[in-house]
Amino acid sequence: MSLPGGTHLITAAYAGTDVPGVSGPLIQNVGAATSSTSVTSSVDPSTYGQQVVFQAKVAGACPGSVTGSVQFTADGTPLDNAQPVDASGNASVATATLDAGLHPVTAVFTSSSPDVQDSSGSLILFTFTPGQLVTAARTTTGVASSTNPSEFGAPVMFTAMTSVSPPGAGIPTGSVQFQDSGMNLDVAQGLGSSGQTSVVTSSLTVGVHPITATYTSDSANYTGSSGGVSQTVERARTTLTYNGDTTADYNDPALLSAQLTRTDDGAPIAGKTVTFAMGAESCSQVTDATGIAACSVVPSEAAGTYGLSASFAGDGNYVPSGTGAPFIVTQEETTIVYTGPTVIAQDNPVTLSGRLLEDGVTPIAGRMLTLTIGSGATAQSCTTTATDSGGKALCTIVDVTVGQGPQPVQAAFAGDAYYLPSADNSHQVTVFAFPSRGAFVLGDTTVATGPPLVTFWGAQWTKQNVVSNGGATPAFKGFAKDVSSNPPACGGSWSSSPGNSSSPVAL
């Protein structure tokens, strides 16, 4: 038989036919059986975040099962509540919260039977190192670009994604430093709650850029890691929009203008040369802060429609662009002024003249004018030679036949492919006729030196007119019978009948 632990009184009784009897008692002390507890780990060493199961095996010194519970501790801190021992003497607990490092793990068995003693045990790693070794969880870091390829000057967002590699688990914490070819892009960025972070840059030059993201953990539980992406930056597309003049008169300045912008976001591009061409003319200008370039040309073409172009040649950062529009050259305005004589002798030649001006100011050379005296069927005209550098031209009517008296005179320009027509109808001339015989005369000395008023005919002629060759008789009234030229000319000679003057021609 087996006695439970404790103090027992043992007696012997005789039950034979003789005199029965009972022996005196024997005191028997029975002590509780010893137990032993051993601890094992499901995985040792383990990785941070990996679940580990610690198992305790409790065995009694005597046959039979043990009863009770086991309290597991790590670093002296209980792991969950005390776990009951099953019929085989086993108890276990699972955890995934141990930080990286070496952790002493113990299991303390508390017996629920007085026949079995308590016991404890510790986890032994590699047969000689006490505790559970937890290594840092490995991480991987990847990098993604918001736009690849991107355009020069356009913002690009690089996003780093750091995750824990199995069998580790958890969300890593710390920061990520982005770099372009080893140069930092901004400061290190803290990881968010999802293990992601990002940086935005618009400063990448045209070309291929090795972008890296290096994760640095802020604890011993995670290893650092890095990843990268190859970012291609292409030249930025451009748009050139024409917004200048689309028409101008011949020989008048026209302002050509265009705006250079980015195609992706419409932002102006400053400091770039835009070249304009219209017909035979061209000019170039650099864009200002608003992306606008403007310069002037003076059309030298005949009136008509011509092609206008604006172009940006592109450079290392920007793609070329261009635009075009029809450009209409119109005829320039002209003004003509009659500049010929205002008193004209009938039946004699007369030289008429005029002056042609652009916009009423600038002389126009190389054009022919038409000058006309009179109106209707009796009008007389002549065509000038080409206007000179002062815009002047003249022509001669060899025999004036229009009627005597006031007559209209006109200077006209017919226009051409470059200039609009114009005419001056604001002037009149006086047409007169010399007498058929003789002429009224004046004293040459008096006309040269005398008072403003002159006397052509009258009893006082000799007093009002003095001639250089001695004078006329007092009876001379001013009409000479014979003159030295027809028509009479200043400085010519004349004669008259003796005594009184010859009679004037009747009207």
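**Figure 1. Salt bridge between R237 and E151.** In this predicted model, R237 forms a salt bridge with E151, and the closest N and O atoms lie 2.4 Å apart. A salt bridge is defined here as a side-chain nitrogen of Lys or Arg within 4 Å of a carboxyl oxygen of Asp or Glu. R237 lies in the loop between β26 (225–234) and β27 (238–242), whereas E151 belongs to strand β19 (residues 150–151), so the pair ties together parts that are 86 residues apart in sequence. Strands are DSSP runs (E, at least two residues), numbered from the N terminus. R237 is partly exposed at 42% relative accessibility, while E151 is buried at 15%. Buried means under 20% relative accessible area, exposed means over 50%, and partly exposed lies in between (1.4 Å probe, protein chains only).

Residues are numbered from 1 along each chain as its sequence is written, and side-chain values use heavy atoms, with hydrogens and water left out. Because the model is predicted, local features need pLDDT of at least 70 and side-chain atom pairs count only at pLDDT 80 or more, whereas totals for chains, interfaces and linings use all residues.

**Figure 2. Salt bridge between D416 and R367.** The side chains of D416 and R367 meet in a salt bridge with an N to O distance of 2.9 Å. This pair links distant parts of the chain, 49 residues apart: D416 is in the loop between β42 (405–413) and β43 (422–432), and R367 is in the loop between β38 (362–363) and β39 (370–373). D416 is partly exposed, with a relative accessible area of 25%; R367 is buried, at 16%.

**Figure 3. Salt bridge between R262 and D265.** A salt bridge joins the side chains of R262 and D265, at 3.7 Å from N to O. R262 is buried at 7% relative accessibility, whereas D265 is exposed at 53%. By the rule given in the legend to Figure 1, the count comes to 5 salt bridges.

**Figure 4. Open sheet of strands β18, β20 and β24.** The 3 strands form an open sheet in the order β18-β20-β24, with antiparallel pairing. Two strands pair if DSSP finds at least two bridges between them. The edge strands, β18 (139–145) and β24 (196–201), each pair on one side only. Neighbouring strands of this sheet are turned by 20° against each other on average, direction ignored; the axes are lines fitted to C-alpha atoms, and angles run from 0 to 180 degrees between N-to-C directions.

**Figure 5. Pairing of β20 with β24.** Strand β20 (residues 156–164) and β24 pair in the antiparallel sense over 6 bridges. The bridge partner of M161 in β24 is Q196.

How values were computed:
Helices (H or I, at least four residues) and strands (E, at least two) are DSSP runs, numbered from the N terminus.
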